[in-house]
Structure formats: C-alpha cells, structure tokens
Amino acid sequence: MIPWRTLIGLVAGSVIIALGATGLVIHFGVSEVSENNAVYVGDTVFYTIPAPAGAKQQMSITGDAFEILLESPGDEPTESSYRDEARLDWTHKEDGETRIKIQNMGNTDLDVSIMAMRSYDPIWFTYDLMVMISGMVIIGFSMGFVLRRPKGF
C-alpha cells in the first residue's frame, strides 16, 4: 500500500504538471488581448503590440484632446491630433511590433480600449516549463516516502 504522504504528493504533482501543460497549450500561437486603461491629464502612455502579419488591431480612445503616434510594421508612422473620440483599426502588413504613443493634451482623463491580436511570447514557454518541472520535483520528493528506511533511521 502507498503511504498517504506519497499519494498526496503524486496527486498534487500531477495537478501542477497538468496546469503547466494546459498553460503551454493556451499560450502557444496568437492570442486576443483586451484592455481598458485610463490616461490622466498631461500623461503619456506607450503600448507595444507584437503580432504576426495579417493580425487585426482595434483601439478606441475617448477624451477631451489627445495626440497619437502610430508605428505599425510595413506602414509609415502617423501622428495625429484628435478631439472627443478616435477609433483606430489597422492590420499588420508584416510580422513585428506596433508602437503606439498616446499623449493626453486635454482637461479630462482619456479612456483607452484596446483589442489586439498578440503573437506568442517566449517567456510564457519558460514559465509553463518551470511549473511542469516543479510538479515533477514534488512527485520526486513524495516518492521518497515510499522507500523503506533501514534500521537505525
């Protein structure tokens, strides 16, 4: 019969390995990201969106007055001033990063809503791999409880 400590370690390690494997599958490929942020009066924010060619991006900005600098791969950088509301839709022509600079020039806070398609980030692979390795370590330690101890221990 397996000791209860070993059984608990096996179950916990298996669950952790399953979570890491699930995360590995979820983080692989292109993912959709939605964010809602505020830009305070006089502040400037920067966004960087890595995406593959053909990825559609959307941004909606509402506020008093603001300036936007948009640099998308394959396109010329565009800088524009807006009042009240702006809705930007663009598609990546090439693989790469879109860089966006939003500067609040008005008297009210800006509401920024982004819906973007992001490409795979290699740091998530490392993170998910570390989670899986920690599950294996837990199973390894719990298997130590199965061993019979010699007399004198």
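Which residues does glutamate 71 touch, not counting residues up to four places away in sequence? In this predicted model, where local features need pLDDT of at least 70 and side-chain atom pairs count only at pLDDT 80 or more, totals for chains, interfaces and linings use all residues. Residues are numbered from 1 along each chain as its sequence is written, and side-chain values use heavy atoms, with hydrogens and water left out.

With contact taken as heavy atoms within 4.5 Å, glutamate 71 touches Pro77, Glu97, Thr98 and Arg99 once residues up to four places away in sequence are set aside. Glutamate 71 lies in strand E3 (residues 56-71), strands (E, at least two residues) and helices (H or I, at least four) being DSSP runs numbered from the N terminus. Its relative accessibility of 31% makes glutamate 71 partly exposed, a class that falls between buried (under 20% relative accessible area) and exposed (over 50%), as computed with a 1.4 Å probe on protein chains only. The C-alpha atoms of glutamate 71 and lysine 101 are 8.8 Å apart in space, although the two residues are 30 apart in sequence.

Two salt bridges are present in the structure, each defined by a side-chain nitrogen of Lys or Arg within 4 Å of a carboxyl oxygen of Asp or Glu. One joins glutamate 97 to arginine 99, with 3.2 Å between the closest N and O atoms; glutamate 97 is partly exposed at 36% relative accessible area, and arginine 99 is partly exposed at 43%. The other links the side chains of arginine 87 and aspartate 89 (4.0 Å, N to O), and both of these residues are exposed.

Beyond four places in sequence, the contacts of methionine 59 include Tyr47, Ala86, Leu88, Trp90, Ile100, Ile102, Val112 and Ile114.

In helix H2 (residues 122-143), the buried residues are Asp128, Met132, Gly135, Ile139 and Ser142. They lie on the same side of H2, because they cover an arc of only 80° around the axis, the arc being that of the directions from the helix axis to the C-beta atoms. These buried residues pack against helix H1 (4-27), whereas Pro122, Ile123, Met130 and Phe141 are exposed on the other side of H2.
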